[in-house]
There are 2 protein chains.
Amino acid sequence: MREVALIGAGMTRFGDRMDKGARELFSEAFEEALGSVDRGLDRGEIELAYVGNQGIGGGQLGLISTLVAEAAGLTGIGAARIESACASGTYALIAAATAIAAGVCDVALAGGVEKIREISGREVRGWMGTSGNIEWERLAGLTFPGVYAMAAVRHMDAFGLRKEQLAMVAVKNHENGSLNSKAHLRNRVTLDQVMASPTVCHPLGVFDCCPTSDGGSAVILAAAEVASRYTDRPVYLAGFGTGTDSLAVSNRADLLSLGAVVRAAQNAYGMAGIGPRDVQVAEVHDCFTIAELISYADLGFCDRGEAQGMIERGETRVGGRIPVNTSGGLKSKGHPIGATGCAQVYTIFKQLRGEAGPVQVDGAEIGLTHNVGGFGGSAAVCVFRRSR
Amino acid sequence: MREVALIGAGMTRFGDRMDKGARELFSEAFEEALGSVDRGLDRGEIELAYVGNQGIGGGQLGLISTLVAEAAGLTGIGAARIESACASGTYALIAAATAIAAGVCDVALAGGVEKIREISGREVRGWMGTSGNIEWERLAGLTFPGVYAMAAVRHMDAFGLRKEQLAMVAVKNHENGSLNSKAHLRNRVTLDQVMASPTVCHPLGVFDCCPTSDGGSAVILAAAEVASRYTDRPVYLAGFGTGTDSLAVSNRADLLSLGAVVRAAQNAYGMAGIGPRDVQVAEVHDCFTIAELISYADLGFCDRGEAQGMIERGETRVGGRIPVNTSGGLKSKGHPIGATGCAQVYTIFKQLRGEAGPVQVDGAEIGLTHNVGGFGGSAAVCVFRRSR
């Protein structure tokens, strides 16, 4: 398998983007990615594009990949949309990387876009709820806040998790996001504010939930053997893995772990030849505060039941043992479904190039992204390295 | 790049499938594919699945790939949905093959499913129309029958194409489809019947248009180096290519050719190291009769303007120079959007293994599939060989 490098990355500001449609958002992210290629890249060198998108809003239910490729000045290249719910973007990155690894092409584009804010909350719930089990669970009223809340209650029961510890995730991620000019919610929040926020589903309050956002992201990948044409500072995709699980939560063994993530992480670590304790910076899928805590053990950053201790001790803050969501995460930066995966990669790209500004993790050599579809109905994990 | 082989393939009967939902249709196709693996395959050996699906009907707008993987007894594997409108299925096949070619896995599944018949014709038009340019052309009333009809008129003007010659495509494909127990429309039609069918958009009548169908399809792929574990009769994926074009037809240079197909075919032939005149049997995307004729020249089976002569002389009938759509094509077999690509591959798999029954092309060594999204907004072409 040929080694794959990232040579450029871009993302839009996330949030209410009534100023732009899906194609303009994708283009905005792509132009930043193109501009970030140190020695420049002729867009004609890009041979293939995979676009993460769930199709929420916008009304383009077919060929949005053709539309955004055209908008990016790439008319003619092979392009397809990839959907695995909220994990769509990372699946797109993996598909593009795989094409390079196989030798199908030397340079490819992965990205994502979602335009959600223009449709009603009711419509958003309709779209997003269908990423769960419709027949038995969705119709019985089990929404995503509901199932993540159930997982939080199970953690309280099994490990003595406290609501304050959930709130600490929000406080940390808003603190990081307040420093990110592209974040949707840039306000800092206090522990008291999170604790007092209106309950969505016990024990999760409004401030335990990420917002739904508009946004786009783009990553330009090249075969490692040609990357030096474009930059002396590529970031290598050292490993990746994917997994799924029974869509119906009622079929799962427990609510303390997401099997899809465990499988994806094992594959990614195996391919990269590293272990979880080698990871120095990570972007994880904190669609709810409990989701970030579940990820710590599923990714092997700590033992099962130890996640609450990690957040309490500040181990995942900037300056801690393994900073998590230095971008603000989904919680503060926002969550435009199909764009989230490549936006996580954008952050790790910046971190490993030493361009992360006030949230830079000193000397970061190895980074990870963790992207989850639904309540672990799907997952994708990538490991990145600064050196080959 | 590792060589890739097909070791099994299956498809459901296409048509009104009110008896089954998407997951059951996918499973039905998968079980046939699994059963067709000569020495058997433990489903645990399948590591990855890509599923072609546009999401039309059924209401599963996220994670249908997780759902159908689970239904097929593959819970846990990495799985994603791929959408490039009507070309989704072939893009899924190419993504799965690419993963094997790269060495990400040894055995992968590609397939597709669509459940259309349970929604209204109005809803179907809403879904399918969005695979065109919404802002300028769809809102102006340009449907897919409309744009293909415009292309037919252009061919009449440029090359003297006659309506009878369009009708000959329908007659041929229904004749083939009448012998296919899985075809949606198994009735033979006469030239007079097609000519007299009610006009949809001049010069296309109802019998120039394919039906919308329910259905599923599945192909099991393996690295060529391990294929002998499973069968002595693999079919090799010798080459593939993809392409897109400006989504707005008003931006195209002309209506006589689909640039996405030309690009995809060039790439596929180049990878396979063959030319168009080496192809002995082909399944092409005849969503309308004119679409099949456009494909003849775009694929290089004849020179521009010669397609009408090919159909008139019977060169693409079974027994002709290069039989096209021996399955009945989309026109007679049916067109369940996401399932179409891998169903075309199913037919070529059968042909190259000598299992095509009454429509068998004697001694077929090289076959081709041609799958188009929208009016050439996207395309994917694959070349298959019986021998390595």
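How many residue pairs does the rule find in polar contact across the interface of chain A and chain B?

Author: Across the interface of chain A and chain B, the rule finds 24 residue pairs in polar contact, both partners being at pLDDT 80 or more; such a contact is a pair of N or O atoms within 3.5 Å, where within protein one must be able to donate a hydrogen and the other to accept it, and residues adjacent in sequence count only if both atoms are side-chain atoms. This is a predicted model, in which local features need pLDDT of at least 70, side-chain atom pairs count only at pLDDT 80 or more, and totals for chains, interfaces and linings use all residues. Residues are numbered from 1 along each chain as its sequence is written, chains are lettered from A and ligands numbered from 1 in the order in which they are written, and side-chain values use heavy atoms, without hydrogens and water.

The rule also finds two salt bridges across this interface, each being a side-chain nitrogen of Lys or Arg within 4 Å of a carboxyl oxygen of Asp or Glu. Glu83(A) and Arg81(B) join their side chains in a salt bridge, at 2.5 Å from N to O.

Taken as a whole, the interface brings 54 residues of chain A into contact (heavy atoms within 4.5 Å) with 53 residues of chain B. Chain A and chain B bury about 4,100 Å² between them, with 54% of it on carbon and sulfur atoms, where buried area is the accessible area (1.4 Å probe) lost on putting two parts together, summed over both.
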